[in-house]
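User: I have a structure open here and would like to go through it with you. Could you take my questions as they come?

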Amino acid sequence: MPREPAQYLLRLDDLCPTVSAERWKRFQSLIEEFHLQPILAVVPDNRDHELQVSPPDPAFWDRLRALESAGASVALHGYRHLCTSRGRSLVDLHRVTEFAGVSAATQRAWIAKGLRILRDHGLHPKIWVAPRHGFDAQTIRALLEEGIAIVSDGFARRPFLRGGITWIPQQLWGPVEKDRGLWTICVHPNTASDAEIEALRNFLAAHAARFTSVDRAVADLQPATLTLVERIQAECALRRLTLSHSLRPIRRLGSLRKSKSA
Ligand SMILES: [Zn+2]
């Protein structure tokens, strides 16, 4: 377990040229104001109409390149963000996802095509962020074959190794003060409310110095296999999250507010 104090990572999901222009701009302002080096989870070939919020921004890729140059880490966020597969994920939060359960050959092709698109835009993706947390052993194998060695997911309190790949946990969907550990706060510019953005701003004003980057987190915290106790803690955290939505049918988890999605 890392020593105190806690460190945080910010992750912005569902980025593509049609992201909400107004709210994406507000998040970019926070990144610049507080000198953050977040994870930028980009959909390479978006076909999900829920992510078509604003007209395509011709400057979108320029902005991403600038943010990456300033230290942000670009993540491959699925391929087309179309969730139609019912396979079981390694992070069992949603019943219908884009990747879990899809054939190995198709996953490999989607990951290769997605990476090619991002690289053709001059980006250097090095992390995987699965739409709706949906990925399986075949996904990890394809990622490793394509040179991606880090996933952002899971409910442990520190980076860890599992299935031959490094996991940087993602446990929060809004700022929560913690004593120790590494906590990734996932936000969705398409759906973030004014109150949620203001809460993040207030948290950053108090704790910006405790926000780290992917590179620093991996270097400082040296991922290793979780202990049995840590695995149980992570499983309990996942179950608490699932149970917190128990009044809704599990099958509808995938259509919950994006703040609990990915
Ligand atoms: Zn997503």
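User: What share of the 262 residues in the protein chain is buried?

Analyst: This is a predicted model, and in it buried residues make up 42% of the 262 residues in the protein chain.

User: And how many helices and strands are there?

Analyst: The protein chain has 7 helices and 9 strands. Its radius of gyration is 17 Å, close to the 18 Å that the globule rule gives for 262 residues, so the chain is as compact as a globular protein of that length. Taken along the principal axes, the box that its C-alpha atoms fill is roughly 50 × 45 × 40 Å.

User: Which residues touch the most other members of the largest nonpolar core?

Analyst: That core has 61 residues, and those touching the most other members are L40, V42, A75, I127 and W128. As a general point, nonpolar side chains in soluble globular proteins tend to be buried together.

User: Take A75, then; what is A75 in contact with?

Analyst: Leaving aside neighbours within four places in sequence, A75 is in contact with I39, L40, A41 and V42, with P125, I127, W128 and V129, and also with S152.

User: Switching to α4, which residues there are buried?

Analyst: Helix α4 runs over residues 137–145, and T139, I140, A142 and L143 are buried in it. These residues cover an arc of only 165° around the axis, which puts them on the same side of α4.

User: Why would residues three or four places apart point the same way?

Analyst: An α-helix has 3.6 residues a turn, so residues at that spacing point the same way.

User: What does the buried side of α4 pack against, and what sits on the face turned away?

Analyst: The buried residues of α4 pack against α3 (104–120), β4 (127–128) and β7 (165–168), while the face turned away from that buried side carries the exposed residues A137 and E145. Just after α4 comes G147, which takes a positive phi of about 90°.

User: How far is A237 from P55?

Analyst: Their C-alpha atoms are separated by 38 Å, and the two residues are 182 residues apart along the chain.

Technical notes: Residues are numbered from 1 along each chain as its sequence is written. This is a predicted model: local features need pLDDT of at least 70, side-chain atom pairs count only at pLDDT 80 or more; totals for chains, interfaces and linings use all residues. A residue is buried if 20 or more other C-beta atoms lie within 10 Å of its own, exposed if 12 or fewer, and partly exposed in between; C-beta atoms are placed from the backbone. Helices (H or I, at least four residues) and strands (E, at least two) are DSSP runs, numbered from the N terminus. The arc is that of the directions from the helix axis to the C-beta atoms. Two residues are in contact if their C-beta atoms, placed from the backbone, lie within 7 Å. The radius of gyration is taken over C-alpha atoms; the globule rule is 2.2 Å times the number of residues to the power 0.38. A nonpolar core is a set of buried Ala, Val, Leu, Ile, Met, Phe, Trp, Tyr and Cys residues joined through C-beta atoms within 7 Å.
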